[in-house]
Amino acid sequence: MTNKDIAKVFKLCSQLMELHHENPFRTKAMATASFRIDKLPVAASSLDLEALSEQPNIGKSTAEKILQVVTTGTFPELENLLAKTPEGIIEMMKIKGLGPKKVLIIWKDLEIESVGELYYACNENRLVEAKGFGLKTQEEIKKAIEFSIASQGWFLYAKALPSAQELMGHLQEQLPLAAISFTGDYRRKMEVLQKIEILIAADIDAVEQAIRALDFEFDVQATNGKISFKEQNGFAVEVIASPEVANAKNLLLTTGSEKHIAALKEIGEIQVLDSEEAIYKALGLAYIEPELREGTNEIEKAKTNDLPHLITYADLKGSLHNHSTYSDGVHTLKDMAIYCKEELGLEYLGICDHSRTAVYARGLAIETVEAQWQEIDQLNAELAPFRIFKGIESDILGDGSLDYPDEILAKFDFVVASIHANLKMDHEKATNRIIKAIENPYTTILGHPTGRLLLSRAGYPLDFKKVIDACAANQVVIEINANPLRLDLDWRWHQYALEKGVLLSINPDAHRKEGHLDMEYGVYVARKGGLTKENCLNAFGLSEIEAYFNKKKQPII
C-alpha cells in the first residue's frame, strides 16, 4: 500500500467527519494527517510503530492508525463513520467538485442518496437552485458522473449515439464503396452497451488503414479480423471486416443475441445469400427486425408471419408527461406547447408538473394548479387546434394513495401516478403500494413503474406480473419513460403487458423543450418490446386520445 493510498483513507475519514459535523479541530487534524502521510519521504508501509512515530509531524496516534490501514485497510473511527453513512453518499464524495458541504446539501436538503439519483437530478435541473450550486456547477457534476460511468466499461445507448453516427460518417468517407453497418448490441438498440460494433464488407487491411486515417488519438488493436479501439469521446469500438460475398450472413450472425442465433441454427443452416431477408426466408421465416432478435418469441411468430408491425417515431401524435416552470422544468408552459406544435409537428401536449408532496421539485399547491389551468385554457384558445391537456404527476404516497384530494384529481384531464419517495420497501409492500395507486379511479398512467436509473439504481422489488395484471384490470396505461436514464417499463415486460391488453405510452418526462426528443429512445425500446402504434396511447390522434381521457374519467361517488 503506497503512501498515497494510505493518505486517501485518512482524507475520506476527514471528509466524513466534516459531513457528520464532528469536532472541527479533530476534523482538521485528520485532513492534515492525510496531507503529511502523502508527503512522507519513505514508504509508511515499510516502517514499524516506533519508526513511524519519529517521522516529521507524525505522532503515535496517527502512526497507530497508519499501521491499522496497512494491515486492514481501515481503522475504528473511520468504520464508525462509514456505518452511519449511506453507500451512495460515500460514492458521491469521490465525484470531482463535490466536497462534504455540497454532499451534505444534496443528502439532507435534496434527499438524494445515490450517484444515479444525483445524475438524474442534474438532468431535471434540480441542483440549480440549491444553496451553493448553480448551472455551471450542475453541468460539471453531470460531466464528472458521466466520466465515472464510462470508466466502468458501460455506457448508455443514447450517450453513444452521436459518437457512433459521427464515426460511421468518417468510415463511409474513407471506404465509399464498402457496405458498412452497425451490428451487435448497438444495432439491436440495447439500452446499455459495452461497445459500438460495426461490420464492414472489405479486406481487413483496408479497414485498418481507414481507421488509422481517422483524426482520432487511440490505440488500435487488430486481431482475428476485428479491430478494437476507443473513439475520441472514449467509447469502445469494435470493427469487424467481412468478405463482401458473406456480408449479409455475417451481419445476421453478429447482430442477433446468442439465443436468437442458436434458435436459427436449430432450424437449419444459415446460408450465404444476398440479404438478411433472403436468409430468413430460406429458413422459412418472415424477416425479423434487428430490435426483436433477442431469443424470446420472435422466431415462433416469424414462422406464422405473426410478427408485430413495430411502432416508429413518426407514429407519435403527442407528448405526455412533461414539466414546465410551474414545478422543476426549465421552459414555460407556452414554450413547451409552441415547441411541440411548431418544431415537432405534434397535435397535443400533456403537461404533468409535480404534485404538492414533491417539495424538492417545487410541487404545485392547489392554488397553483388552478392558476395553471387558467393559463392552459388561454393557450388552448390561442393555439387551437393544438391542445394542451391538464395533467399532473401525482406522487404515490407511502400508503399507495395519490397526492391531492379526489375533488382536485377529478378535474385533471389525466393523472400520471409515480413514486418518488420511500424507495426501500420490501417486495410485498412495494407491490401492494403500487397496486393500490393503480386501483385509484383517477389514475390514468402508471409513471416510470420500477423507478430504475440505468447503470445507477435498480428498480423497486416488484411483482411485475401482479402490477401489470392490476393495470389490465383497472384500464391503467403503463408508461415507457423515454428518458435515456430510465427507459422504464423495461422492454422485457412489454410483451406481457400487451398480451394482457394494457396500453403503453412513450412519455419523455421532459423538463425542457429538447427533452421531448427523448421519445426517440422510448420508441427504440418500445420496438424491442414489440409495441405497435395501435397499442401506444400517444400514437392516438387528438380526437381519439381526448375521447379516451373522457371515458377514463370517473365521477366522484
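Which elements each supply at least two residues of the lining of the largest pocket?

Analyst: This is a predicted model, in which local features need pLDDT of at least 70 and side-chain atom pairs pLDDT 80 or more, while totals for chains, interfaces and linings use all residues. Residues are numbered from 1 along each chain, and side-chain values use heavy atoms, without hydrogens or water.

The elements are α6 (87-92) and α8 (115-123), where helices (H or I, at least four residues) and strands (E, at least two) are DSSP runs numbered from the N terminus. The largest share of that lining, three residues, comes from α6. The pocket holds about 870 Å³ of space (an open set of 1 Å grid points where a 1.4 Å probe fits, with protein on both sides within 12 Å along at least five of seven lines, lining residues having an atom within 4 Å of a point; the volume is that filled by probe spheres on points joined across faces, edges and corners). Among its 39 lining residues, Glu111, Glu117, His420, Leu423 and Arg457 are the closest to its centre.

Turning to the sheet, seven strands form an open arrangement in the order β8-β9-β10-β11-β12-β13-β14, with parallel pairing (at least two DSSP bridges between two strands). Because β8 (318-322) and β14 (504-507) at the edges each have a single partner strand, one side of each is left without a neighbour in the sheet. Within the sheet, β9 (residues 348-351) runs parallel to β10 (residues 387-395) and is joined to β10 by four bridges, and Leu349 has Ile388 in β10 as its bridge partner. Helix α17 (residues 333-343) packs on the sheet, touching β8, β9 and β10 (heavy atoms within 4.5 Å), and its direction makes about 150 degrees with that of β9 (between N-to-C directions of lines fitted to C-alpha atoms, for helices over the stretch in contact, on a scale from 0 to 180 degrees).

The buried residues of α23 include Met519, Tyr521, Tyr524, Arg527 and Lys528, and their cover includes α10 (157-174), β8, β13 (477-481), α22 (494-499) and β14. Just after α23, Gly530 takes a positive phi of about 85 degrees.

Key
Buried means under 20% relative accessible area, exposed over 50%, partly exposed in between (1.4 Å probe, protein chains only).
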